Amino acid sequence: MDRRTERMHERGVSATVLVCTNERTEYAACAAVDGGDVADAVRDWLRERDRYWSEVAVAETSCLGMCSEDGAAVVVQPHDEWFTEVAVDDVGTLMSELFGAETDSTTTG
């Protein structure tokens, strides 16, 4: 076993967004309600701000225990924030709330 905590902190990674992409057939599951697209939207939001894997890691997970027919389950650690029914259109608001609304260097205003 190799503990990587210190190395990850040295790289600046201080949070992880877990997005459920679990598939089930017996009842609603995140894969069927665009969990993969939600994970992609989270990564895109972070990439646009040069924060993906520099400050925030993203991991697709199996069941987080919050199944819904209305969107994916998302957990953000170490913020200890748990969300359900997250749709792709919610990602910008959610990420801005948790990580600030900075935009990338190519955005002008």
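**Terms and values**

Modeller: Thr61 lies in strand β2, where strands (E, at least two residues) and helices (H or I, at least four) are DSSP runs numbered from the N terminus. This is a predicted model, so local features need pLDDT of at least 70 and side-chain atom pairs count only at pLDDT 80 or more, while totals for chains, interfaces and linings use all residues. Residues are numbered from 1 along each chain as its sequence is written, and side-chain values use heavy atoms, with hydrogens and water left out.

Colleague: Why is Thr61 called buried?

Modeller: Its relative accessible area is 18%. Buried means under 20%, exposed means over 50%, and partly exposed is in between, with a 1.4 Å probe and protein chains only. Thr61 at 18% is therefore buried.

Colleague: Which residues is Thr61 in contact with, leaving aside its neighbours within four places in sequence?

Modeller: Thr61 is in contact (heavy atoms within 4.5 Å) with Leu18, Val19, Cys20, Thr21 and Asn22. As for Val19, it is 42 residues from Thr61 in sequence, yet the two C-alpha atoms are 5.8 Å apart in space.

Colleague: How many disulfides does the structure hold?

Modeller: The structure holds 0 disulfides. A disulfide is a covalent bond between the sulfur atoms of two cysteines, and here it is counted as a pair of cysteine sulfur atoms within 2.5 Å.

Colleague: What about the sulfur of Cys63?

Modeller: The closest cysteine sulfur is in Cys67, 4.0 Å away, which is again too far for a bond. Cys63 is partly exposed, because its relative accessible area is 30%.

Colleague: What makes a set of residues a nonpolar core?

Modeller: The residues must be buried Ala, Val, Leu, Ile, Met, Phe, Trp, Tyr or Cys, joined through side-chain atoms within 4.5 Å. The largest nonpolar core has 24 residues, and those touching the most other members are Val17, Val38, Val42, Val74, Val91, Met95 and Phe99. Two or more residues each come from β1 (15–20), α2 (35–48), β2 (56–61), β3 (72–77), β4 (81–86) and α3 (91–99). The largest share, 6 residues, is that of α2.

Colleague: What does Val74 touch, not counting residues up to four places away in sequence?

Modeller: Val74 touches a list of residues, among them Val17, Val38, Leu64, Trp82, Phe83 and Leu94.

Colleague: How do you know that the reach of α2 is close to what is expected?

Modeller: The expected span of a helix is 1.5 Å times one less than its number of residues. α2 has 14 residues and reaches 20 Å from its first C-alpha to its last, close to the 20 Å expected. Its buried residues are Gly35, Val38, Ala39, Ala41, Val42, Arg43, Trp45 and Leu46. What covers them includes β1, β2, β3, β4 and α3. Just after α2, Asp50 takes a positive phi of about 50°.

Colleague: What makes Glu60 and Arg43 a salt bridge?

Modeller: A salt bridge needs a side-chain nitrogen of Lys or Arg within 4 Å of a carboxyl oxygen of Asp or Glu. The closest N and O atoms of Glu60 and Arg43 are 2.9 Å apart, and the two form a salt bridge. The pair links distant parts of the chain, with Glu60 in strand β2 and Arg43 in helix α2, 17 residues apart. Glu60 is partly exposed at 42% relative accessible area, whereas Arg43 at 12% is buried.

Colleague: How many salt bridges does a search of the whole structure find?

Modeller: The search finds 8 salt bridges. One of these joins Arg24 and Glu26, with the closest N and O atoms 3.4 Å apart. Arg24 is partly exposed at 28%, and Glu26 is exposed at 55%. Arg4 and Asp2 also form a salt bridge, 2.8 Å from N to O. Asp2, Arg4 and Arg7 are linked in a network of salt bridges.

Colleague: Why does Ser68 count as buried?

Modeller: Ser68 has 8% relative accessibility, so it counts as buried. Ser68 sits in the loop between β2 and β3. Leaving aside neighbours within four places in sequence, Ser68 is in contact with Ala28, Val33, Thr84 and Glu85.
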